[in-house]
Amino acid sequence: MMHIHYISKCVQHFVKAKHWRGFGIHSPYVYHLQRHVISSDKLNDKEIRQRVRKYRKELLRNKCRIPLNDLGTGTAKDGVVAKIVRRAAIDEKSGMLLSRLAADYKPDMVIEFGTSLGVGTAYLALGSGMDVPVVTIEGSSECTKLAESTLVKHGIENVKLLSGAFDDLMPNILDIIRGKRVMVYLDGNHTYEATMRYFNNLLSVADNNMMVVLDDIHLHSGMSKAWREICQIDRVTTTIDLMRMGIVVLRSGAQKEQYILRW
C-alpha cells in the first residue's frame, strides 16, 4: 500500500513542478539538463535501451531462489530472481535518465551504492562509456555474484562489484574518488540517518566537481527531511527535485539554485 506521505508529496510536486522542456529556466546549466538530458530522448538511447532490455529479460526468466542478506535492515531471506527484478530493479524511464546523466556529465568514475542484480548498473556503465570505470556496492553477496556474471555475459566489462556493508566499504570508496570528477548513484538503505551519513562522507572528499543522484527522495518523511537538509548545505550549488529522484551537483563558482522540475 502506498504511504500517505508519498501520495501527499506526489500531489505537491505536481502543483509546484514547473519548466517542462526547459521553458522559463534562467540557469543555463539547469536549462541544458532539463532540455537535453532529463526531457530528451537522444538517438543513441536506442542501443542502450535494447541492451538493458535483453539484460532484464534474462533475469526475468530466472526462477532460481537466492539468499538475500539486507545489511541495511539486518534481515535475511530467500528470493526468486525474477521477483527481485520486478520488485527492486530500476524502471526503464529512470534507468535511461541515469544513462543520459552519466553520458552528459562525463565523469572520471561512477559509484553506485545498491547494485541489486545490476540493472541500474548496466544503465550507468553503458551511458558513461566503456572506458569509464563503474564501482558498485551491494550488501547481498549472492546478488553481487549473479550481477557480475550477467554483466560480463552481456559485454558490460567496465564494472567492479564490491560486496559488503556501505559503511564498511565507504573508506575505500572515499580513497578512490578523491580528486576525481565523480558521479554517484545512491540507492540503498533509504533512511534519514544513512542517507545523511553517506552524503556527508562523500562531501568530505569532494572537490567542487561531483554529481550525486539520490533515489526515492520522498519515499517517506525521513527521506524528504534528508533531501531538504542536503539542499541547504552551503557547498551544494544545484539541486533538482524530480519527485522520484533528486540530482545534486557541486559546481565551482556557481550560485545556489534549487528547482522542482517535471519529468
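Me: How should I read Ser-116: does this residue count as buried or exposed?
Reply: Start with the cut-offs: buried means under 20% relative accessible area, exposed over 50%, and partly exposed in between, using a 1.4 Å probe on protein chains only. Ser-116 has 19% relative accessibility, so Ser-116 counts as buried. Before going on, note what you are looking at. This is a predicted model, with local features requiring pLDDT of at least 70 and side-chain atom pairs counted only at pLDDT 80 or more, while totals for chains, interfaces and linings use all residues. Residues are numbered from 1 along each chain as its sequence is written, and side-chain values use heavy atoms, with hydrogens and water left out.

Me: What is the phi of Ser-116?
Reply: General idea: most residues other than glycine have a negative phi. Ser-116 has a positive phi, near 55°. Ser-116 sits in the loop between strand 3 and helix 6 (119–128). Helices here are DSSP runs of H or I with at least four residues, strands are runs of E with at least two, and both are numbered from the N terminus.

Me: And Lys-106: what is its phi, and is this residue buried or exposed?
Reply: The phi of Lys-106 is also positive, near 55°. Lys-106 lies in the loop between helix 5 (92–105) and strand 3. Its relative accessibility is 60%, so Lys-106 counts as exposed.

Me: How do I read the sheet, and what is its strand order?
Reply: Strands of a sheet pair through backbone hydrogen bonds, either parallel or antiparallel. The criterion here is that DSSP finds at least two bridges between two strands. This open sheet has 8 strands in the order 5-4-3-6-7-9-8-10, with mixed pairing. Strand 5 (159–163) and strand 10 (257–260) are the edges, each pairing on one side only. Neighbouring strands are turned by 15° against each other on average, direction ignored.

Me: Which strands run parallel to strand 3?
Reply: Strand 6 is joined to strand 3 by 5 bridges, in parallel. Strand 4 runs parallel to strand 3 too, with 4 bridges. Val-110 shows both links: its bridge partner in strand 6 is Met-183, and in strand 4 it is Val-134. Next along, strand 6 and strand 7 run parallel over 5 bridges, with Leu-186 partnered by Leu-214 in strand 7.

Me: Where is the antiparallel sense found?
Reply: Strand 8 (residues 238–241) and strand 9 (residues 245–251) pair that way, over 4 bridges. Ile-240 stands opposite Ile-247 in strand 9.

Me: How many residues of strand 3 are buried?
Reply: 5 of its 5 residues are buried. Both faces are covered: Met-109, Ile-111 and Phe-113 on one side, Val-110 and Glu-112 on the other. Strand 7 is mostly covered as well, with 6 of its 7 residues buried.

Me: How many residues does the largest nonpolar core have?
Reply: In soluble globular proteins, nonpolar side chains tend to be buried together. A nonpolar core is a set of buried Ala, Val, Leu, Ile, Met, Phe, Trp, Tyr and Cys residues joined through side-chain atoms within 4.5 Å. The largest one has 51 residues, and those with the most contacts inside it are Ile-38, Leu-101, Leu-117, Met-183 and Met-211. Apart from that core lies another, of 34 residues, among them Tyr-198, Phe-199, Ile-217 and Val-236.

Me: How many aromatic pairs are there?
Reply: Rings of Phe, Tyr and Trp (its six-membered ring) pair if their centres lie within 6.5 Å; planes under 30 degrees apart count as stacked, over 60 as edge-to-face and the rest as tilted. A search of the whole structure finds 3 pairs. Phe-113 and Phe-166 are edge-to-face, 5.4 Å centre to centre, with 75° between the planes. They are 53 residues apart, Phe-113 in strand 3 (residues 109–113) and Phe-166 in helix 8 (residues 166–177). Phe-113 and Tyr-198 are stacked, at 6.1 Å and 10°. That pair spans 85 residues, with Tyr-198 in helix 9 (residues 192–205). Phe-113, Phe-166 and Tyr-198 form one aromatic cluster.

Me: Which rings have a lysine over them?
Reply: A charge sits over a ring if NZ of Lys or CZ of Arg is within 6 Å of the ring centre and within 35 degrees of the ring normal. The charged end of Lys-93 sits over the ring of Trp-263, 4.6 Å from its centre. Lys-225 lies over the face of Tyr-192, at 4.5 Å from the ring centre.

Definitions and conventions: Axes fitted to C-alpha atoms, helices over the stretch in contact; angles between N-to-C directions.
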